[in-house]
Amino acid sequence: MSEGWLSRSLGRWWTWRPLAVPPGASSAAAAVAVFVIGAAALLGWVLDVPFLKSVQPDLISMKVNAAVAFMLSGLALWLLQPARAGARASRWAAWACAAVVAALGLLALAENLLRWDLGIDQLLIAEPPGTAGTVSPGRVAPNTALNFLLIGLSLLLLDVRTRRGLRPAQHLIALVGIVSCVTLLGYGYGVGTLLAPSATVNPMSLPAAVAGLLAFAGLLLARPGPWLLAILTGEKPGSLVAR
């Protein structure tokens with residue numbers, strides 16, 4: 001009885017609540033939040049403030065390259081908001097940031113999968129060995145790297161439509177949301193295997209998972225499409241499970 005009432009209440013809340021704030025405003029707010037999380041982590045490295053890097057000292061920190069990539073992601077998403085996307089300079093600047101994010105994600109992913117050392121992990125700020133939860137100092141986690149690759153491609157393809165009116169970026173965005181949610185579930189339930197695919201690589205940090213989820217929301221609302229947004233805001237059981 002109470003579960004049915006709760007399900008119906010959640011269904012009604014998720015149906016109308018996202019529409020209470022204009023999607024553009026929500027997307028811009030998410031872009032700012034992603035930028036701020038990255039900037040805070042980078043400031044934490046510069047000033048050596050553990051809280052800004054990892055929230056808790058016993059958790060793995062957001063790496064420097066990840067902080068920079070999130071800053072670029074937030075900036076690109078901000079520049080691609082409808083109010084600014086019409087300007088040629090804004091579009092090109094956003095695409096340049098997105099390309100760097102995608103390239104950084106691809107390189108970090110190659111380092112993790114192929115056991116390469118491309119010299120980018122310690123390029124900006126060196127991380128001392130023995131840091132909590134860190135297997136490879138300075139290296140972006142493989143799931144975080146995958147998110148950067150997907151976020152960068154999503155930003156580049158944000159305004160691309162197929163002949164049937166579908167947006168390919170939405171499928172990439174959905175994967176970003178899944179990767180981030182799985183990691184947050186790992187932190188919430190204390191399941192280490194959800195934080196990293198292997199014990200030989202760095203796990204995704206908590207700030208990176210939160211920023212990834214915010215990037216997912218911001219990208220989704222930047223150009224609301226009929227597929228993913230309909231699933232998340234619908235009243236059917238599948239929509240409730242997805243949420």
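The structure is a predicted model, in which local features need pLDDT of at least 70, side-chain atom pairs count only at pLDDT 80 or more, and totals for chains, interfaces and linings use all residues. Residues are numbered from 1 along each chain as its sequence is written, and side-chain values use heavy atoms, with hydrogens and water left out.

Helices here are DSSP runs of H or I with at least four residues, numbered from the N terminus. Helix α6 (residues 88-114) and α7 pack at an angle of about 150°, and their axes are 7 Å apart; axes are lines fitted to C-alpha atoms over the stretch in contact, and angles run from 0 to 180 degrees between N-to-C directions. The two helices, α6 and α7, are therefore roughly antiparallel, a label for angles over 145 degrees, whereas those under 35 count as roughly parallel. Their crossing is left-handed, meaning that the near helix is turned anticlockwise from the far one by less than a right angle. In contact (heavy atoms within 4.5 Å) are residues including W95, L106 and N112 of α6 and P142, F148 and L156 of α7. By class, this contact has 16 nonpolar, 3 polar and no charged residues; Ala, Val, Leu, Ile, Met, Phe, Trp, Tyr, Cys and Pro count as nonpolar, Asp, Glu, Lys and Arg as charged, and the others, Gly among them, as polar.

Helix α7 (residues 142-156) also packs with helix α9 (residues 206-222), at an angle of about 20° and with axes 11 Å apart. That makes α7 roughly parallel to α9. T144, N147, I151, S154 and L155 of α7 meet A208, G212, A215 and L219 of α9, a contact of 5 nonpolar, 4 polar and no charged residues.

On a 1 Å grid over the protein atoms alone, a cavity is a set of points where a 1.4 Å probe fits but cannot get out, a pocket is an open set with protein on both sides within 12 Å along at least five of seven lines, and lining residues have an atom within 4 Å of a point. The whole structure holds 3 cavities of 30 Å³ or more. The largest cavity has about 70 Å³ of space, and S61, K63, A141, T144 and S205 are the closest to its centre among 14 lining residues. This lining has 8 nonpolar, 4 polar and 2 charged residues.

Methods: Angles under 35 degrees count as roughly parallel, over 145 as roughly antiparallel, 65 to 115 as roughly perpendicular and the rest as oblique. Grid points are joined across faces, edges and corners, and a volume is the space filled by probe spheres set on the points.
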